[in-house]
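Reader: I am new to reading protein models and would like to go through one feature at a time. Could you give me the general idea each time and then show me the case here?

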Amino acid sequence: LVKFTMPAVGAAVRRVWLALSLLSLHCCGIHGFSPHATSRGQSRGSWSVGMPRLLRLSATTAPKTGQSLGLVVIGPPLSGRGTQAARLRRRYGVKTITIGELLRREVNEKTPVGVQIAEYVERGDLVPDEVVIDYVLDRIREEEEDTSSTGWILEGFPRTKEQAKALSDSGAVVDCVVKLNIPDEGSVTRMQGRRIDPVTEEIFNMDTFPASDARVQARLVQREDDSEDQVRKRVQVYRSNEADISSYYSDVLLDVDASQSQDDLFVSIEAGIESARRSIPGLVELDTEPIQGMKMGTSGLRKKVSVASEGKFLLNFVQSIFDALDPEEFKSGTLVLGGDGRYYNSAALQEIIRIAAANGVGRIWVGKDGLLSTPAASAVIREREDGAAFGGIILTASHNPGGPNGDFGIKYNTGDGAPAKEDLTQRIYEMTTKVSQIKTLENTPPVDLSTVGSRRLGKTVVEVIDPIEDHLQVLRQCFDFRAIASLIARPDFSFLFDAMHGAAGPTAKRVFPEFI
């Protein structure tokens, strides 16, 4: 509701009045007006908004197929990380990003970052997180086009909990963390026989893995930092972070005895990876039966809270959404989630997050405190990371009454940010009439939605985002805020804004200070 008091309004002021009126409607839920409201695949110009892209290694750049893979290989010095990572690269046809190799290259070339890194390497210390995280994510971003469709292996990163969190925050989906275990003395023994081919940078061991080519054998050299004191110090540094890393990745961790032969070790790793790819931690499949009354209208599905919250009603409907979608579209993809903050939304959001994770969604963008207005959700779907999301589930009943005796609403928006078309809503309805199992996660604590940042739920990254910023960027493109500010500054003008429902209030508090 916008109320204006203006004794005299010229043509220019009337144009500003129209802009302000449209702005109020946009805040309250009318989302059709946008300079980039085009369907996926059509040109949207060069303008884009959203948080800076640190890393997009999975479906955040392209749909991640069932063959895509995200691996991390960790272990103490000389545990065989590089050798096994190389074999995994050949086995799965993915890109290997060897952090130690990249850092040594910077040191050898005496680049600015290399000089900084050399000081720590010479002492045998771990390079500080603030140095290595930015550097590594920059290098991974350079490999983005090579890794987005087939997968990737990180060897030597992350080494600390902070690095692991930065990797999750970037949106990377880690399918399996291979942890190679050898005793401390094993690192020292292997150091004595380790040699490197300076031409190919391939690693050999004079005792256990000699070069078969005499010419290669003749040119092998020992690394400068392969001294007993340095190796023992690097082992100590690894051990100091081992528990934190193992705990962070406990749900995807593969512990392997690396003291066995290379061939036997690789067989163990491959078997573990294949098992990890097929499993989702905590996954259960609940038996269910169809429930009547789930046919969506033009604004999604609207039901009384008492109906939507009863039994498996909501779970059936949400599972039917995923059953109706192409798995190649959402497996390891990004889902947008939020709502208008009405009664029952908080509990419903937790259920939806668990079902999405159990169905294989790689990342969920959910508005802080579960809030995300309809136009804001549309903006996030279309614009954040250049339209990385495959769609969104929005919990809204518009201006219908809320509360325990009020209404609950849910709808699905497709990758163009618009409500699902009739053919999709019909498929979802058909799935509700024959749904027999619900995929969800058990024994998982509620996801904290009160703070912006990333959390992990099984293999899924749940990223709590600012619920307004992407929408605000769109509004800045739609309307001339300076002209509106000039109007509001006039002594003969005043206006009254009523948010009318939950999600528009926080939006107004962020939008109006732009020109008041």
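Reader: Which residue in β4 does T96 stand opposite?

Author: Before I answer, please note that this is a predicted model, in which local features need pLDDT of at least 70 and side-chain atom pairs count only at pLDDT 80 or more, while totals for chains, interfaces and linings use all residues. Residues are numbered from 1 along each chain as its sequence is written, and side-chain values use heavy atoms, with hydrogens and water left out. In general, strands of a sheet pair through backbone hydrogen bonds, either parallel or antiparallel. Here T96 stands opposite I153 in β4, and β3 pairs with β4 (residues 152-155) in the parallel sense over four bridges. Two strands are said to pair if DSSP finds at least two bridges between them; helices (H or I, at least four residues) and strands (E, at least two) are DSSP runs, numbered from the N terminus.

Reader: In what order do the strands of the sheet with β3 and β4 lie?

Author: This open sheet has five strands in the order β3-β4-β2-β5-β8, with parallel pairing. Its edge strands are β3 (95-98) and β8 (253-257), each of which pairs on one side only. From one strand to the next, the twist averages 20°, where angles run from 0 to 180 degrees between N-to-C directions and axes are lines fitted to C-alpha atoms, for helices over the stretch in contact.

Reader: Which strands does helix α2 touch where it packs on this sheet?

Author: Helix α2 (residues 81-92) touches β2 (70-74), β3, β4 and β5 (176-181), and its direction makes about 175° with that of β4; contact means heavy atoms within 4.5 Å. Helix α11 (residues 262-278) also packs on the sheet, touching β2, β5 and β8, with a direction that makes about 165° with that of β8.

Reader: How many strands are in the sheet that contains β10?

Author: That open sheet has seven strands, in the order β10-β14-β13-β11-β12-β17-β16, and its pairing is mixed. β10 (301-304) and β16 (453-457) stand at the edges with a single partner strand each, so one side of each has no neighbour in the sheet. Within it, β11 (residues 334-339) and β13 (residues 391-395) pair in the parallel sense over five bridges, and V336 stands opposite G392 in β13.

Reader: At what angle do helices α7 and α10 pack?

Author: Two packed helices are described by the angle between their axes and the distance between the axes. Helix α7 (residues 161-169) and helix α10 (residues 228-248) pack at about 30°, with their axes 9 Å apart. They are therefore roughly parallel to each other, a description that applies to angles under 35 degrees. In this contact, K161, A164, K165 and S168 in α7 meet D244, I245 and Y248 in α10.

Reader: Which residues line the largest cavity?

Author: Rolling a probe the size of a water molecule over the atoms shows where empty space is left. On a 1 Å grid over the protein atoms alone, a cavity is a set of points where a 1.4 Å probe fits but cannot get out, and lining residues have an atom within 4 Å of a point. The largest cavity is lined by L301, K303, A308, F313, L314, F317, F408 and I410, and α13 gives the most to this lining, with three residues. About 40 Å³ of space lies in this cavity; a volume is the space filled by probe spheres set on the points, which are joined across faces, edges and corners.

Reader: Where is P158 found?

Author: P158 is found in the loop between β4 and α7, and the peptide bond from F157 to P158 is cis, with omega near 0°.

Conventions. Angles under 35 degrees count as roughly parallel, over 145 as roughly antiparallel, 65 to 115 as roughly perpendicular and the rest as oblique. On a 1 Å grid over the protein atoms alone, a cavity is a set of points where a 1.4 Å probe fits but cannot get out, and a pocket is an open set with protein on both sides within 12 Å along at least five of seven lines; lining residues have an atom within 4 Å of a point.
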